[in-house]
Structure formats: structure tokens, C-alpha cells
Amino acid sequence: MNNRKSLTASEEKVYGEEISSKNETTNNVLVAIDSNGDRVVIIPQIIFKGKRSISWKEVENYLIRYVGKIIEVSETEDLIYIDRLFVDEYTGSKYTNKLMGALPKVKANMSQGICEMIEIATGKRWKEDFEKKHGKKAGKGWFRYNTRFALPVTSENGEILEYNIYQAVLIVRYSEDEKLYLYDIQNIKKETRYPSWTKVSDG
């Protein structure tokens, strides 16, 4: 199912700017191709460094920059909208609150690569909104996409020693207006294989 729709004039402006700048990275985030030919988002900086806890308010303030953006999934040409509801859910969902160990820090820092993680998403599948608690906001159900990203392991002085690669799932609501909205990113899991990429992707 392809959910690409005609855009309004204001959306055309935003979307055009997004496409024209999709290779411009924040904090040097880039998309690379690993040794298996799969794409992965490389996030080379750790900007949320809490050792015991993460300030989700700081993460929330960081995520505000994405509100209003429209990102295209390369594999399906779906247009994914980002609104304020995503910011609230990303930082305050039941999933986020239950994260333990290193995963809160991982989720906080992967926020730097949201746009790129949408662009490389694969494995789109649909799920009905069984609970019906979101009303028209997810009136046509939910889509899930797989994505991947890498975060650095650093020494005490900040030198990058290696990278860990993670898998995650984009949770996307399919609203009554037939648009797709990013809702949260969940099911974050570290890959066991040693990270290796061969080149930077062209997008």
C-alpha cells in the first residue's frame, strides 16, 4: 500500500525543502551501507550523556526541531509527517518509561538521526487499531517499519573506540485524513554482529 498523497501548497514548500536538504546532516549524521549491503544511520556523537538518568525534557526540547517536517521513506515513497504528538510520545511513552540499562541513553541519542532513520526504513506492515483509544488520530490503524542506526562507544576523553549497531521499529499512525504520522520508535535491540560499513549511501 502506497500512502503518498498530493500535498497542499504549504506542504509542498516544507517537503521540497526537506528533499533538497536530505543529505545535509545534523551533528554529522550520515547513512552508510554495511558489509551486507544494508543501510544504517551513523550517529557519531553522544549528546545526552547522563550516566544514571536521562533528562527527557532536554530530549523533548531537541525533538521540537522535527515538528512540521515531512520525510519520504525511500523504499515505499510513503510520506511520514512529524507532529507534536510524536515528541510527547517519544519522551513519555510507556515503552520509554520502561527502558532499562543503556537503552534510555540509546533512545535519547538516536533522536539525532530521526529523519535518516525514516528514509532508510524497510519492512512496512499494517496493524489494526484494536484498542481504538486514539480515535481519528489512528483511525485507519498502524504501520510499522524496521530501521537501523549506530552509536559510538567512546573513551573517557571522548575518542570513538567503536560503534554499536541497533535495530528499531518505527511506529506510524495512519490517521482518518489518510496521512502517516510518526508516533514513536520502539523495540530497540542491539545487533550482535560486529559493525562494518563499506561506503556512504547516496540516499
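Which residues does Ile114 touch, leaving aside those up to four places away in sequence? They are Leu63, Tyr66, Ile82, Phe86, Tyr90, Leu182 and Ile185, where touching means heavy atoms within 4.5 Å. Before going on, note that this is a predicted model, where local features need pLDDT of at least 70, side-chain atom pairs count only at pLDDT 80 or more, and totals for chains, interfaces and linings use all residues. Residues are numbered from 1 along each chain as its sequence is written, and side-chain values use heavy atoms, with hydrogens and water left out.

Ile114 also belongs to the largest nonpolar core, which has 43 residues. Such a core is a set of buried Ala, Val, Leu, Ile, Met, Phe, Trp, Tyr and Cys residues joined through side-chain atoms within 4.5 Å, and buried means under 20% relative accessible area (1.4 Å probe, protein chains only). Tyr90, Phe149 and Leu182 are also among the residues with the most contacts inside it.

Now look at helix H3 (84–92); helices are DSSP runs of H or I, at least four residues, numbered from the N terminus. Its buried residues are Phe86, Val87, Glu89, Tyr90 and Thr91, and their cover includes H2, H4, H5, H6 and strand E8 (strands are E runs of at least two).

How do H2 and H3 meet? Their axes, lines fitted to C-alpha atoms over the stretch in contact, come within 9 Å and cross at roughly 155°. That makes H2 roughly antiparallel to H3, a label for angles over 145 degrees. Trp56, Val59, Glu60 and Leu63 of H2 make the contact with Arg84, Phe86, Val87, Asp88, Tyr90 and Thr91 of H3.

Notes:
Buried means under 20% relative accessible area, exposed over 50%, partly exposed in between (1.4 Å probe, protein chains only). Axes are lines fitted to C-alpha atoms, for helices over the stretch in contact, and angles run from 0 to 180 degrees between N-to-C directions. Angles under 35 degrees count as roughly parallel, over 145 as roughly antiparallel, 65 to 115 as roughly perpendicular and the rest as oblique.
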